[in-house]
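The sequence and structure follow.

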Amino acid sequence: MSLLEVRGLVKQFGGLTAVDHVDFTIEPGEILSIIGPNGAGKTTIFNCICSFFPVTAGTIIFDGTTIVGPGHRQLKTHEVSRLGIGRTFQVVQPLKELTVLDNVMIGAFSRTDDITEARAEAERIINWIGLGPYKDKLARELTLSGRKRLEVARSLATKPRLILLDEVVAGLNPTEVDEMITLIMRLRDEFGVAAACGVEHVMRVVMNISDRIIVINYGQKIAEGTPQEIASDPVVISAYLGESVA
């Protein structure tokens with residue numbers, strides 16, 4: 001059984017259809033990337049999965065539980081989180097006047113009411129993700145790379161089995177991008193997150209981390225396949241790179 005199944009997903013904002021009958025699955029242990037031009041509907045798909053947006057139509061099922069679908073009320077955001085779906089945001093917004101440790105502890109409190117347990121879990125995650133030396137610093141003192149890592153750490157503290165990563169390398173320099181690629185792979189291979197799904201524009205990241213890629217354009221899925229298949233697909237080249245197709 002797929003970890004996540006999305007069928008016929010539609011999201012409309014008034015007369016604008018931002019997501020138009022999109023279907024895809026994520027398998028346990030898989031890294032799936034969603035790519036496409038700006039405004040294609042990629043982040044909107046994430047927002048629908050996490051119930052930040054009410055879904056216009058379609059079905060989303062996570063590990064056998066229906067998040068939204070015919071005959072089912074759409075789960076609330078905190079209920080989706082408790083199911084085991086975490087996410088990061090393209091524009092990182094840590095609680096700037098709290099320490100790194102406190103930021104991650106807040107995520108841990110979604111799974112425990114015990115402050116000692118929450119602190120221990122937060123410290124474990126902070127050390128694993130490479131922010132141990134900064135745990136007592138205010139979040140606003142971190143570099144962009146540090147804030148990106150903190151964003152991932154806060155999500156990990158909720159104990160997700162699927163983590164949705166929204167442009168986690170945006171604004172990073174080449175060395176930091178390489179470090180983030182390694183971190184994404186470790187999320188699956190070491191930390192136990194069953195699958196990751198990244199909305200990305202940096203193709204070097206997409207091609208290095210992805211088991212499978214789907215391409216979105218004008219809210220519709222126009223291609224799906226391995227990195228090699230997507231890189232040579234003329235429809236993708238036309239839509240994403242702006243080249244003509246014979």
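Which residue is the bridge partner of Ile34 in strand 9? In strand 9, Ile214 is the bridge partner of Ile34. The model is predicted, so that local features need pLDDT of at least 70 and side-chain atom pairs count only at pLDDT 80 or more, while totals for chains, interfaces and linings use all residues. Residues are numbered from 1 along each chain as its sequence is written, and side-chain values use heavy atoms, with hydrogens and water left out.

Strand 3 (residues 31–35) and strand 9 (residues 212–217) run parallel and are joined by 4 bridges; two strands pair if DSSP finds at least two bridges between them, and helices (H or I, at least four residues) and strands (E, at least two) are DSSP runs numbered from the N terminus.

The open sheet has 6 strands in the order 6-7-8-3-9-10, with mixed pairing. Strand 6 (85–87) and strand 10 (220–225) stand at the edges with a single partner strand each, so one side of each lacks a neighbour in the sheet. From one strand to the next, the twist averages 20 degrees. Helix 5 (residues 144–156) packs on the sheet and touches strand 6 and strand 7 (162–166) (contact: heavy atoms within 4.5 Å), and the direction of helix 5 makes about 155 degrees with that of strand 7 (axes are lines fitted to C-alpha atoms, for helices over the stretch in contact, with angles from 0 to 180 degrees between N-to-C directions).

The whole structure holds 0 disulfides, a disulfide being a pair of cysteine sulfur atoms within 2.5 Å.

| Cysteine | Closest cysteine sulfur | Sulfur distance |
|---|---|---|
| Cys48 | Cys50 | 9.7 Å, too far for a bond |
| Cys197 | Cys50 | 10 Å, too far for a bond |
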